[in-house]
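Trainee: I have a new model to read. Please walk me through it.

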Amino acid sequence: MPPVFAASSPDACPVHVIASDTFDSWLSSQPQRVQAWATAQGFTGACGQALAVPAADGTFEMALAGYGNAAARTRLRFVLAEAAAKLPAGTYRIASGLPQEAAATESLGWLLTGYRFDRYKENAAQTAALVAPDGLDAGAVESLAAAECLTRDLINTPASDMGPAELQAAAEGLAEEFGAETSTILGEDLLAQNFPLIHTVGRASDRAPRLIELRWGSAGPRLTLAGKGVCFDTGGLNLKPGNSMALMKKDMGGAANVLGLARMIMAAGLKLQLRVLIPAVENAVSGPAFRPGDVLTSRKGLTVEVNNTDAEGRLVLADALTLAAEEEPDLLISMATLTGAARVAVGPDLSPFYTDRDTDAAALSASAAHTADPVWRMPFYDPYETMIEPGIADLDNAPSGGFAGSITAALFLRRFAGDARYMHFDIYGWTPSAAPGRPKGGALQGARALFAALPDLLEL
């Protein structure tokens, strides 16, 4: 179950959130026994510190949570989450010190410390429960937590239990929860309905490729989300080495992230028409596998020379984006764990995004700053278009040379988005090292920033 706030209770232990630069003045206002206890325990208000202060009857009179200083807080996404994970079992309420503008983000971080992936192994959840701070829209924060947990669970599930069929079931379950509609084009029907690239990438697996569609909402601007759903990527005939294949269960992270974003949108009841497209495949190796040097014809009619079968995500997204553009949405967004080049450029935490519109980039960057969901704009750099134009086909799926790999992949996708107002996210979908509120494993990236920006992007 996704983490939720505790019910309000007069017995909830008060938590004082204390910045390091105000700790001395706060402490001087406390009774001598509190001063002595905090001093003896070495509490200074540093980020991540937590201290339960005992009462005479053996219960806790209060708890202290370090909030650091402004400089230290810039280095953490969820400042209170580390303190929350260290507190003893019980129910807590914020009594003082938490800035109102930070309440939603810090409360979300606290809830997310309770996430555990326990499908295969019992994993005790956090026991420090939080009462929603006064004035907070608790339901909205719980909805964000639920979306994050959905995405994490999907990515964390190994490919043995999260293939194209299981990803389809996840989309159908989400649709049932919120009254959406789904449809799926499966296997050979992909060829009959002109989705040749999706079929080609997935045809070597005994788990049939498919295009999953979810629709919700009947009025308002039209938003289409396309998520890369490569449920496992061997690299195809350009086989990945073992250490590069180890995390390829997360190659459907784009699909998991658009489903998380879709959940936020539907739970909030935004006045828009939502469409989600997920090309779901397994890039396997067998007799029917597509080959380096093959020239493929896409749904759009553009031909693509395959110079690397490990650049398959852009192929399946190409057909999905073509379908999306045919309906002329007001905004088209793709999310994909697409390139290692993006990780080299910005590391695992930042979500690189592409857009031709400065106003859209500004709106997204502003929302990212107050949702603890960092993004970074990358350029659709037109002079690099020649790098994706080989000699014998319209496009090259993997230009040689290694330069600007994330940019050339984004330019490739833009060719299939037509005239749509288009944004693309080249995410990692994974937290490689545990951090407060963010355990090692699958990650929602860019989706909260997008959700917060949608009222500006679509004038809702």
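Mentor: Start with terms. Helices (H or I, at least four residues) and strands (E, at least two) are DSSP runs, numbered from the N terminus. Two strands pair if DSSP finds at least two bridges between them. This is a predicted model: local features need pLDDT of at least 70, side-chain atom pairs count only at pLDDT 80 or more, and totals for chains, interfaces and linings use all residues. Residues are numbered from 1 along each chain as its sequence is written, and side-chain values use heavy atoms, without hydrogens and water.

Trainee: Which residue in β12 is the bridge partner of T297?

Mentor: T297 lies in β11 (295-297), an edge strand. β11 and β12 (residues 303-305) pair in the antiparallel sense over 3 bridges. In β12, the partner is T303.

Trainee: What is the order of the open sheet of 3 strands?

Mentor: Its pairing is mixed. The edge strands, β11 and β16 (395-396), each pair on one side only. The order is β11-β12-β16.

Trainee: How many residues of helix α15 are buried?

Mentor: Helix α15 spans residues 405-414 and is mostly covered. Among its buried residues are I407 and F412. The buried count in α15 is 10 of 10.

Definitions and conventions:
Buried < 20%, exposed > 50% of the residue type's maximum accessible area, 1.4 Å probe, protein only.
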